[in-house]
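Open the chain in the viewer in cartoon view and keep a selection tool at hand. The stops below go from one selection to the next.

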Amino acid sequence: MMPALKVRNPERKNVEESHMDEIETKSWLDLPQDLIFSMMERLYVADRVRLRAVCKDWHLQPNRGIKAIDKLPWTMEYKWRNPKSISFWSVCKLYEPLHHNRRLSYMVEKGRMRGRKNFAKAEVRASRYSWVLFYKDDYWQGKFFFFNPFTKEVIFLPCLESLVSEFATFSLTPTSPHCFVFVPYERNCNEISINIYNHADKTWKTHDLVANDHPLGTLKAVGYMEGTFYCHFSSFHLAAFNIVDQELSLVMTTCPAMDHLDDSLFNYFSRSYLLECEGDLLLVYLFESLLCWHQLYVLKLDWSRNEWVRVSRLGGRAMFLGETSFYVSAGGETEIIANRIYYHHDGVPEFQTLDLCSFDEYDSRDHDYLTWQKEKKREAGNAKIYGYCRKSLKTIWIQPPQDS
């Protein structure tokens with residue numbers, strides 16, 4: 001006997017097909033917000049950036065739930081080789097801070113860098129908001145470009161047909177129309193030129209400052225704070241450029257706090273760093289001797305007297321010194337870095353606590369730094385956040401993505 005033929009209700013079929021069509025038309029955009037946040041909270045920063053690249057709406061999601069340890073700066077190693085070279089490969093790598101004995105790394109670029117001809121021999125000038133500003137001297141033309149190692153985005157600027165110094169910085173993320181790039185050039189000890197690039201106008205403009213009555217000295221550092229770019233000189237004077245007014249002016253300052261220092265300290269290699277810290281303009285001097293000991297001196301500008309004064313405490317904050325210097329508020333999981341000043345020496349991240357940054361502890365007649373160095377190394381071994389970097393590569397601090 002033949003089995004009975006099962007006939008499907010056509011109305012039911014239409015209902016099922018319409019239901020399937022409805023399911024198929026749903027996209028990733030329809031995921032509940034709480035589910036998206038839940039996924040992001042379980043990812044590390046680099047993976048969170050990739051997740052937000054899935055679609056536009058996900059990219060606009062705020063970075064809610066970022067762990068405190070993720071807010072610490074990362075380190076970026078790089079070296080750009082000539083793309084025609086077959087002996088050496090270029091490399092760019094990101095490292096997270098060490099946390100719970102885990103230090104993840106992310107390879108950004110590796111190989112002959114095809115399509116990246118302008119990267120060859122480019123040097124870092126500044127790093128902020130996950131972006132790195134590179135400069136390349138190309139036959140008397142200055143080529144500046146931005147590179148985001150988290151997203152691999154590149155933004156090229158028009159060529160700057162002017163001499164430049166080793167310093168440069170920028171105000172906001174380069175994707176903002178209100179971003180300005182600041183490139184100074186010291187013509188002599190009394191005159192400085194400032195090249196300003198406006199991302200909205202996409203043009204370079206030059207401003208000059210002549211200070212015959214007040215010699216400026218050597219350009220030592222640049223910084224940005226609250227709408228104004230600053231140049232720090234060996235005379236301790238400042239050149240200030242206000243973005244709104246488009247005016248370049250001289251701010252004459254003094255620094256009696258460093259008058260008592262032994263002159264021999266200034267015979268050693270020294271670097272200066274300008275940074276903003278909660279409305280204050282800070283100046284940090286890093287001295288390095290041939291014996292490889294380092295000494296730091298932290299100053300704050302007292303605007304009422306135009307005088308640099310000594311800073312004895314960081315108030316639980318941490319400083320990171322580099323092409324662009326910045327501070328981080330320490331608390332919770334990041335409390336371990338409180339009152340520390342981080343910097344790179346031969347590609348190796350090092351730090352000192354502010355208590356150990358006092359020249360008063362140093363007797364220049366005895367040159368007794370042995371005890372001080374042992375204390376610094378012991379402390380570094382007990383609370384290490386950043387690992388060693390390869391000396392063959394250049395290393396910088398870079399801030400991970402925070403808010404869109």
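How many bridges join strand S5 to strand S6? Select residues 131-138 for strand S5 and residues 141-148 for strand S6: seven bridges join the two, and they run antiparallel. Strands here are DSSP runs (E, at least two residues) and helices are DSSP runs too (H or I, at least four residues), numbered from the N terminus. Two strands count as paired if DSSP finds at least two bridges between them. Within this pair, lysine 136 stands opposite lysine 143 in S6.

This is a predicted model, in which local features need pLDDT of at least 70, side-chain atom pairs count only at pLDDT 80 or more, and totals for chains, interfaces and linings use all residues. Residues are numbered from 1 along each chain as its sequence is written, and side-chain values use heavy atoms, with hydrogens and water left out.

**Strand S1 and its partners**

Next select residues 74-79, strand S1, where five of the six residues are buried (under 20% relative accessible area, 1.4 Å probe, protein chains only). S1 pairs with strand S24 (residues 394-398) in the antiparallel sense over five bridges, and glutamate 77 stands opposite threonine 395 in S24. Strand S2 (residues 90-95) is also joined to S1 by five bridges and runs antiparallel to it; valine 91 in S2 is the bridge partner of lysine 79.

**Confidence**

Now colour by pLDDT, the predictor's confidence in each residue, from 0 to 100. The chain has a mean of 77, and 67% of its residues reach 70 or more. Where pLDDT is low, the predicted coordinates should not be read in detail.

**The whole chain**

Finally, select everything: the chain has five helices and 24 strands, and 50% of its 404 residues are buried.
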